[in-house]
Amino acid sequence: MFSRVRWLGIACLVGLLSPAICRAAEPQGASRGRGGVGGQIGGSYLVATQDYSKGALPRFDFAGHFRYVLAGWFRMQVSPGFTWSGYSKEEPPPFTDFRFPTDQTKEHYLTLLIPVSVQGQLTWDLGPWHWHLGAGPGIYRVLVENHRKTLEDPVTFRPHRGPYLGGSAELGAERFFKILPSTSVEFSIVGHHVTATRDDQFPTGWNSNLRAAAVRVGATYYFDLKRVKKAPELPLPGTGK
């Protein structure tokens with residue numbers, strides 16, 4: 001009698017604890033085979049070169065990212081973003097915009113940068129932080145505007161916009177919430193190098209490589225890509241079951 005009651009109590013206890021045990025066994029955080037999606041916001045600055053960086057002023061920087069964790073020490077990341085630079089009222093432009101011949105400075109000029117980068121990232125834990133260091137290629141759309149109109153070269157009359165190849169490097173760290181183990185807050189330092197030289201199109205100016213640096217903060221949510229929901233069972237034709 002007492003033996004049956006004891007075994008029944010053990011069975012009930014196991015039944016009550018099994019959901020918690022299963023949840024604890026499930027992958028959490030940036031575990032192998034999981035994906036992550038997130039976004040960051042910060043500030044950027046064009047650090048080089050020539051016409052792009054002379055008189056440049058810092059502006060906001062935005063980026064999203066999708067990650068896939070291949071191993072405990074390595075993951076892939078795809079990151080689209082957007083940033084831009086304004087310019088000082090004291091810096092003269094490299095040439096006079098024929099549509100605005102009275103402009104003597106870069107006050108109304110903007111450089112717009114739209115990167116889509118792909119990185120391989122090494123990851124490691126240091127204290128409560130999950131660090132990453134990554135690099136990889138990217139494609140960048142660069143536009144130069146004056147008074148919100150695309151700048152044209154005065155010799156070739158080509159509009160200063162187009163896609164360019166480049167690359168990026170990133171160092172950052174994230175920390176997961178105890179109550180939300182699949183969600184992290186993070187910061188990162190990012191550098192971009194764009195091969196934006198086109199002598200045949202822009203011989204007069206704004207014709208050099210471009211380098212930008214950014215500091216960002218944001219958040220990432222990780223989820224299990226391998227988990228596939230079971231399709232609901234449909235009743236057999238004519239049976240209603």
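Which residues line the second largest cavity? In this predicted model, the lining consists of Gln40, Ala63, Gly64, His65, Arg67, Gln77, Ser79, Glu170 and Arg216. Sorted by class, these comprise one nonpolar, five polar and three charged residues. Strand 3, residues 59-71, and strand 4 each contribute at least two residues to this lining, and the largest share, four residues, belongs to strand 3. The volume of this second largest cavity is about 40 Å³.

The wider setting may now be considered. Across the whole structure, three cavities of 30 Å³ or more are found. The largest cavity holds about 60 Å³ of space. Its lining is made up of 13 residues, of which Ser79, Ser117, Val190, His192 and Arg216 are the closest to its centre. Two or more lining residues come from each of strand 4 (74-87), strand 5 (109-126), strand 8 (161-176) and strand 9 (183-194). Strand 4 provides the largest share, namely four residues. By class, the lining of the largest cavity contains four nonpolar, seven polar and two charged residues.

Finally, the confidence of the prediction deserves attention. The mean pLDDT of the chain is 88, and 83% of the residues score at least 70. Confidence is highest in strand 6 (residues 129-146), with a mean of 98, and lowest in helix 1 (residues 2-25), with a mean of 43. Over residues 4-25, pLDDT stays under 50, and the model has one contact beyond four places in sequence for this stretch.

Terms used: Residues are numbered from 1 along each chain as its sequence is written. This is a predicted model: local features need pLDDT of at least 70, side-chain atom pairs count only at pLDDT 80 or more; totals for chains, interfaces and linings use all residues. Side-chain values use heavy atoms; hydrogens and water are left out. pLDDT is the predictor's confidence in each residue, from 0 to 100. Contact means heavy atoms within 4.5 Å. On a 1 Å grid over the protein atoms alone, a cavity is a set of points where a 1.4 Å probe fits but cannot get out, and a pocket is an open set with protein on both sides within 12 Å along at least five of seven lines; lining residues have an atom within 4 Å of a point. Grid points are joined across faces, edges and corners, and a volume is the space filled by probe spheres set on the points. Ala, Val, Leu, Ile, Met, Phe, Trp, Tyr, Cys and Pro count as nonpolar, Asp, Glu, Lys and Arg as charged, and the others, Gly among them, as polar.
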